[in-house]
Amino acid sequence: MDLDHAQTVSLMLGQEFLTWLWFASETSSGLFRTRDGEAFSVTVEQKVSVQGGEGEAKETAVCSGPMAELREARMGLATGKKVNKVKVRIEKDEAAWQVLLDASTFTLQGLKTPKVDTKLEEGEDPDARILEKVYLTEKCMAYVDTAYARFLDLRFSPQWKEETTRLRRWLEG
């Protein structure tokens with residue numbers, strides 16, 4: 001497979017994943033479980049970017065704002081645009097992460113982890129706060145990986161056709 005073809009396939013898969021993730025977050029409360037049975041939720045919020053066309057005819061619509069309804073982004077999807085960036089909130093118990101996911105590069109941008117107390121108690125290891133921040137970053141990446149694995153399992157299964165029918169109904173509704 002040549003590099004250009006691989007990038008195109010990767011972009012398409014990334015766009016499908018973000019579209020599906022938005023759909024799943026609204027239709028199934030965004031509930032996921034890790035392989036160990038740990039439950040967490042993913043919610044699309046505040047920012048969705050959709051893109052369509054190619055070259056000079058490429059159009060991008062970015063919908064953002066606190067608790068935005070993202071109507072314009074939905075309309076963009078209905079007209080054939082694809083989700084290329086989305087801001088998600090991941091929650092596990094009382095902990096919450098916010099991150100922007102990019103379909104073209106599969107990167108996590110602007111990650112906000114749960115707050116880490118920076119005040120050191122007497123005798124406490126000064127590296128503990130840094131290690132906790134690293135742990136929270138890795139936890140977020142594991143949650144995104146879990147959601148992506150679920151998407152891939154579904155995407156390459158016979159149930160995908162049924163899922164796309166539900167996704168179309170969600171777009172129309």
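Select Glu162, Glu163 and Arg166: these residues are linked in a network of salt bridges (a side-chain nitrogen of Lys or Arg within 4 Å of a carboxyl oxygen of Asp or Glu). The model is predicted, so local features need pLDDT of at least 70 and side-chain atom pairs count only at pLDDT 80 or more, while totals for chains, interfaces and linings use all residues. Residues are numbered from 1 along each chain as its sequence is written, and side-chain values use heavy atoms, with hydrogens and water left out.

Glu163 is buried at 7% relative accessible area, whereas Arg166 is partly exposed at 33% (buried is under 20%, exposed over 50%, partly exposed in between, with a 1.4 Å probe and protein chains only).

The whole structure has 8 salt bridges. Next select Glu16 and Arg155, a salt bridge with closest N and O atoms 2.5 Å apart. This pair joins distant parts of the chain, Glu16 in helix α1 and Arg155 in helix α3, 139 residues apart. Glu16 is partly exposed at 25%, and Arg155 is partly exposed at 22%.

Then go to Glu59 and Lys81, where the closest N and O atoms of the salt bridge are 3.3 Å apart. Glu59 is in strand β3 (residues 59-64) and Lys81 in the loop between α2 and β4, 22 residues apart. Glu59 is partly exposed at 49%; Lys81 is buried at 16%.

Show α3 as a cartoon. This helix has 28 residues and spans 40 Å from first C-alpha to last, close to the 40 Å expected at 1.5 Å a residue (1.5 Å times one less than the number of residues). Its buried residues include Leu136, Tyr143 and Phe151.

On α3, pick Lys133, which is partly exposed at 38%. Beyond neighbours within four places in sequence, Lys133 contacts Thr113, Pro114 and Val116 (contact means heavy atoms within 4.5 Å). The C-alpha atoms of Lys133 and Val116 are 6.9 Å apart.

Finish at the largest nonpolar core, which has 39 residues (buried Ala, Val, Leu, Ile, Met, Phe, Trp, Tyr and Cys joined through side-chain atoms within 4.5 Å). Elements giving two or more residues to this core include α1 (3-27), β2 (39-52) and β4 (82-92). Select Trp22, one of the residues with the most contacts inside the core; among the residues Trp22 touches are Val48, Leu77 and Trp170.

Key:
Helix = DSSP H or I, 4+ residues; strand = E, 2+ residues; numbered from the N terminus.
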